[in-house]
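Here are some friendly notes to read alongside the model. Please keep the viewer open while you go through the points.

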Amino acid sequence: MARTVTAQRKAINTAVAWVIGILIFFPILWTILTSFKTEAQAIADPPVWFFFDWTLENYRVVQERSNYSRFLWNSIIIAGGSTALGMLVAIPAAWSMAFVPSNQTKNILLWMLSTKMLPAVGVLYPIYLIFIQLGLLDSRFGLTIVIMLINLPIMVWMLYTYFKEIPGEILEAARMDGAGLREEILFVLTPMAIPGIASTVLLNIILAWNEAFWTLNLTAARAAPLTAFIASYSSPEGLFYAKLSAASTMAIAPILILGWFSQKQLVRGLTFGAVK
Amino acid sequence: MELRKTFASATALALVMASGAHAQSLTIATVNNGDMIRMQGLSGEFTEATGIELEWVILEENVLRQRVTQDIATSGGQFDIMTIGMYEAPIWAERGWLVSLDGLPGEYDIDDILPAMRAGLSFEGSLYAAPFYGESSMVMYRTDLMEAAGLEMPEEPTWDDIAAAAAAMTDRDAGINGICMRGRAGWGENMAFITTVANSFGARWFDENWTAQLDSPEWLEAVTFYNDLIQNYGPSGAANNGFNENLTLFQQGRCGMWLDATVAASFVTNPDDSTVADSVGFALAPNRDGMDKRANWLWAWALAIPAGTQQEAAAMEFINWATSKDYLELVAEREGWANVPPGSRTSLYENPEYAEVPFADMTLRSINAADPNNPTVDPVPYVGIQFVAIPEWSGIGTLAGQEFSDMVAGRQTPEQALARAQALVTDEMEAAGY
C-alpha cells in the first residue's frame, strides 16, 4: 500500500538527500578544486574556495614527471582483465548454485564469503613468496589473477542473488524446447540477467580500479596502476598537496566518468530484486 | 554467442598484455621529497652518459619502508637501488642484506662524506649506504615576532630561552602559537623529537643491560617540559601534527618557533610557498642549562644496493653519480645553491658560494653537534640519536609514541604516559629476548 507523502515531508527528504549527497561528494570536489591551485593556495588559511587564479600548472608538472598513460593502461588491463576473468568463473558458478543447488550450496556460499573476512595483510607473505617463485612480481598477469580471486566471492554472491530472481520455469521451458546447457545459459539466462551482470561488472571494475593494498605491494615499476601513481605524490618532507590533488583527479577521472554514464544501470542492478 | 566472444577476447587480451617484454634497466625505490624529485628530473644526464635506463618507483615513506623491507627479507629482487634511512642501514648491513659500497671509485672521495653521516651509515667500518641528503634538527623562529617581543634568540639557546620565547610570542587572539612541535604518533614522528628532548635532559632509553629507563626522573622531567610547552604555547590539535602539518602552520605564520628538521629551512625561506620567508632565523637545537647534550637528531636519506641484485655494477655507477661532488655542482648550476641536497659532503660546506645560503652554516653546525655513537649523557648499549638502532625499535617506538600522542591530546598525564610506555617497552624487549 502506498503511503501518502505530504509536500512538506517531500521537501525535507529532498533537502536531507542533498545534504548527504554534498557531504559525500565534498572530498572529491575539494580535491578537484585544490588541483587547480598553487601549493601556497592549497594550504591557505582561511581556505580559498572558488575565487583564485585557476592554474593548470600542477597537471603540467604531473604529466612531465610521471608516465600517466602507462599507469592508466595498467589500471585498465588489471581492472578489465580481472573482471572479465572473474565473470567467466562466476557466471557458471552462480548458475549452478541458483538452479541446481545441492544441500551444501549455502555452506559453500558462506565459505566463499568468509574468505573476505581475513585481513588481506594476513596472506601477504604467502602470496608474495608464491609470486617470487612463479616470477609474477610486478607483472600485470599476476595482479590480474590476484584481484580476480579477491573479488570473486562478491561476483558470485551478486550474480547468485540476481539469478535467484529468475523463475526456474523459464529455463525448464527452454530445456523442453531442446536447449542444451550452453544454450540455456547463453541465450535464455544471460539476456534476462543482463542488468544484474552489468551491475556486477561495473561494481567489480570500480573495486579493482580502487584496490590499493595488493597493487602497491605486488608491483614496482612495470605493472604499477594508478593507485601507485597517486601514492608517488605523497611526501614525508614537503608540501605537494596541489600536485597530489592533480594526480588524484587524473586517477579517479576515468572511473568517475564511467560511473556517471552507467549510474542508471548501476542503481537498477543494485536495487534489482529489492522490492518484492 | 556474442557474449562468449567478448569474454574470450577480453581474457586473451588480458593475458597477452600481462606478459609484456621487460626492458633492461635499474629500478630505484625512493620517496617523494623535493631533492629526490630533482634527482629524478636530472637523471636523464646519467642515462645519456651511461646508456643505463632508470625506472623510478616513488612511494609514501611508510609504504616504501614496508615494501623495501619485505622485498629485501624475501629476496624478491624488485629493486636495484633503495632509498633507506640511517635507522635501517646498520641493521640491514649486519644481516647481509646490503652490498658494501667499498667498491666506489677513488674519485668518489669517500672521505669527503661528513663524518657523522658516514658513521651512521656504516657497519664494521664499511659504508653500506651513500648519503643523498642529510639532516639534523634545529630551531626555526620568526625574527619579526621576536623583535616585537623585545627578545633576542641566542645562537645556542637553552630550553629556558625557548620556553621564555614561546611564552612571549604566543598570541592566541592573533592565531599565533609560540611553538610548534611534533605530536603525531610514530617512531619517526613524535618519538624522534621526544627522544632528542629526553637526551638533552640526561635521559636514555635503556641502561647498559637493556633495561628500559622510562621510569627515570630525567624522562619525567623531559616529557613534562615538552607537554607543558605544547599545551601552553602549541597549536590546537597538536597531537595530530607531524612534519608537514607544522610546515604548513609555520608557512602560514601561525608559529613563533618550529623545532624540526634542518631540511625545512629551504622550504620556510622560499617566498613562493612561505608567507614568512623573509623573517626566519635559525638557532641550534636547545640544551638544558649546564648539560652538554643538545636536542638535535641526525638522519640521512641514503642510497643502498640490496644484496642479490643482478645489476650491482650499474647500481654502483648510479650511486657514484647521484651522491658525487659533480652532482651537487650540477644542481647548483641548474637550480641554484639553495636547492643543492644538503648535509652529505664536507666540500659543499667549504664552498664559498654555498656559504652564502642563509641556513648553510647552522645546518652544518647542527649536524656536527650530533653524535650517534654517544647520544646520551649516561652510557647506552645502542647507537642512534632519535632512534635506537635495533630491529625492535620501530615497534616499541610506535607503541610508546601512541602514549605520548594521547598525552598531548589531553587524555593522560606525563606520569601515566611514561608508566604505560615503560610497561609496553619492557614487555616487547622481554619478548624479543633481551
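Two residues are in contact if their C-beta atoms, placed from the backbone, lie within 7 Å. This is a predicted model, in which local features need pLDDT of at least 70, side-chain atom pairs count only at pLDDT 80 or more, and totals for chains, interfaces and linings use all residues. Residues are numbered from 1 along each chain as its sequence is written, while chains are lettered from A and ligands numbered from 1 in the order in which they are written.

1. Let us begin with the domains of chain B. The assignment (bounds come from an automatic or database domain assignment) gives domain 1 as 24-134 + 299-360 and domain 2 as 135-297 + 377-431. The C-alpha centres of these two domains of chain B lie 28 Å apart.

2. How many residues of domain 1 of chain B are in contact with domain 2 of chain B? There are 11, and they meet 12 residues of domain 2. On the domain 1 side, the elements that give two or more residues are α5 (88-94) and β6 (130-142) of chain B; helices (H or I, at least four residues) and strands (E, at least two) are DSSP runs, numbered from the N terminus. That side has 9 nonpolar, 2 polar and no charged residues, where Ala, Val, Leu, Ile, Met, Phe, Trp, Tyr, Cys and Pro count as nonpolar, Asp, Glu, Lys and Arg as charged, and the others, Gly among them, as polar.

3. β6(B) also pairs with β8(B), in the antiparallel sense over 5 bridges (strands pair if DSSP finds at least two bridges between them). Here Val139(B) stands opposite Leu259(B). Strand β7 (residues 177-180) of chain B pairs with β8(B) in the parallel sense over 3 bridges, and Asn177(B) stands opposite Cys255(B).

4. Is strand β8 (residues 255-261) of chain B buried or exposed? 7 of its 7 residues are buried, so β8(B) is largely enclosed by the rest of the structure. A residue is buried if 20 or more other C-beta atoms, placed from the backbone, lie within 10 Å of its own.

5. Chain A has 14 helices and 0 strands. Its C-alpha trace spans about 70 × 65 × 30 Å along the principal axes, and buried residues make up 37% of its 276 residues.

6. Finally, have a look at Lys243(A), in helix α13 (residues 241-261) of chain A. Lys243(A) is buried because 23 other C-beta atoms lie within 10 Å. Leaving aside neighbours within four places in sequence, its contacts are Asn58(A), Val61(A), Val62(A) and Tyr233(A).

Note on methods:
Buried ≥ 20, exposed ≤ 12 C-beta atoms within 10 Å, placed from the backbone.
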